[in-house]
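Subject: Structure for your review

Hello,

Please find the structure below. My notes on it follow.

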Amino acid sequence: MTTNWWTMIAAKPRGPGFWLPAQSSTIADKVDFVWDVTLWVSVFFFVLITVLMGVFVWKYRGRRGQGTTATHDHNTPLELTWTIIPTLIVVVIFWLGFETYLNMATPPQNAMTIQVTGQKWKWLFTYPNGWVDESLHVPADTDVALVMTSEDVIHSFYVPSFRVKKDVVPGRYSRLWFNAREPGEYQAFCTEYCGTDHSAMLAKVVVHEPGGYEKWLADASNLFDKYTLPQIGEIYYTKYGCKSCHSLDGTRVIGPSFQGIWGSEHALADGSRVVVDENYIRESILEPQAKVVAGYDPVMPTFKGRFKDEDVTAMIEYIKTLK
Ligand code: CUA
């Protein structure tokens, strides 16, 4: 969409200020402009109306020996003025805001797409090649669209530097897009209260130089060349949020602790028993509801589609090491 009004007033992107970080996406300066217009129009009328109110209260105060009945009548030109001017101002604010909103809500057709999953209490980013990371990596000067959903409750993805924010809702996909101006590191927040660790639900946003993004992705997604299977399992334990529910020291959290479970026998909710071996771990990762340990709620999300066989193997090898 062409923003004609913007080309007439466009200024250089602003650096960091008292309230907000530097304008680091192509939409940031437009968002701030709409905000500034609304704010200063409000400040102007707040001051004007409050001062006039005070002046009139003083000037027309009741005096001794004066009648108590006020006389008043219409003043048509005055009433037309204070109706037409505010209406025009509101129309302008609506126009600026609505056009900017439409612009933000409609990702460009050729935008690069990254999937975002919100869950208590972390963000996961799935890249076009299937790599899942806790940080959002994007190339600079490129339209990036995020297709976002939640595993549990409503979260909200917010990058103040880019001035973009959108709710992330279970059972549906929401979209958000931006084009980062400069390489660098930025901060993403969850901005919808989602429980205990809401305030810790952060993610790093890394904007790469041209070519840097492709290099990072190729490097990051190649775990099996760089690490042993148990090391990869340990990385997954943190990365996929296993640690929110399964402790390593025997502490009971939401799910059974991983400490020493390899080869042990579990009593299940249905009264049967199972030995923790390769197949049980595999099933518990891909179909967590199949055999639930007695005394625990069946609340674990499935990792089917997110874990390939080699990932499950890495997890098994890691759990074997947890004595
Ligand atoms: Cu997720 Cu707040």
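At 36% relative accessibility, Leu 48 counts as partly exposed, because that class lies between the cut-offs of under 20% for buried and over 50% for exposed. Please keep in mind that this is a predicted model. Leu 48 belongs to helix H2, which spans residues 28-59. Between Leu 48 and His 246 there are 60 Å in space, C-alpha to C-alpha, and the two are 198 residues apart in sequence.

Next, helix H4 (residues 212-220). Its buried residues are Tyr 213, Trp 216, Leu 217 and Ala 220. They span an arc of only 95 degrees around the axis, so they sit on the same side of H4. In general, an α-helix has 3.6 residues a turn, so residues three or four places apart point the same way. The cover over the buried residues of H4 includes strands E1 (112-119), E3 (132-133), E4 (136-139) and E10 (203-208), together with helix H5 (223-226).

Last, a helix pair. Helix H7 (residues 278-286) packs with helix H8 (residues 309-320) at an angle of about 120 degrees, and their axes are 10 Å apart. H7 and H8 are therefore oblique to each other, and their crossing is right-handed. On the H7 side, the residues in contact are Glu 278, Ile 281, Arg 282, Ile 285 and Leu 286. They meet Asp 309, Val 312, Met 315, Ile 316, Ile 319 and Lys 320 in H8. Sorted by class, the contact of H7 with H8 has seven nonpolar and four charged residues, and no polar ones.

Regards

Note on methods. Residues numbered from 1 in each chain as written. Predicted model: local features only at pLDDT ≥ 70, side-chain atom pairs only at ≥ 80, totals over all residues. Heavy atoms only, no water. Buried < 20%, exposed > 50% of the residue type's maximum accessible area, 1.4 Å probe, protein only. Helix = DSSP H or I, 4+ residues; strand = E, 2+ residues; numbered from the N terminus. Arc of directions from axis to C-beta. Contact = heavy atoms within 4.5 Å. Axes fitted to C-alpha atoms, helices over the stretch in contact; angles between N-to-C directions. Parallel < 35°, antiparallel > 145°, perpendicular 65-115°, else oblique. Left-handed = near helix turned anticlockwise from the far one by under 90°. Nonpolar A, V, L, I, M, F, W, Y, C, P; charged D, E, K, R; others polar.
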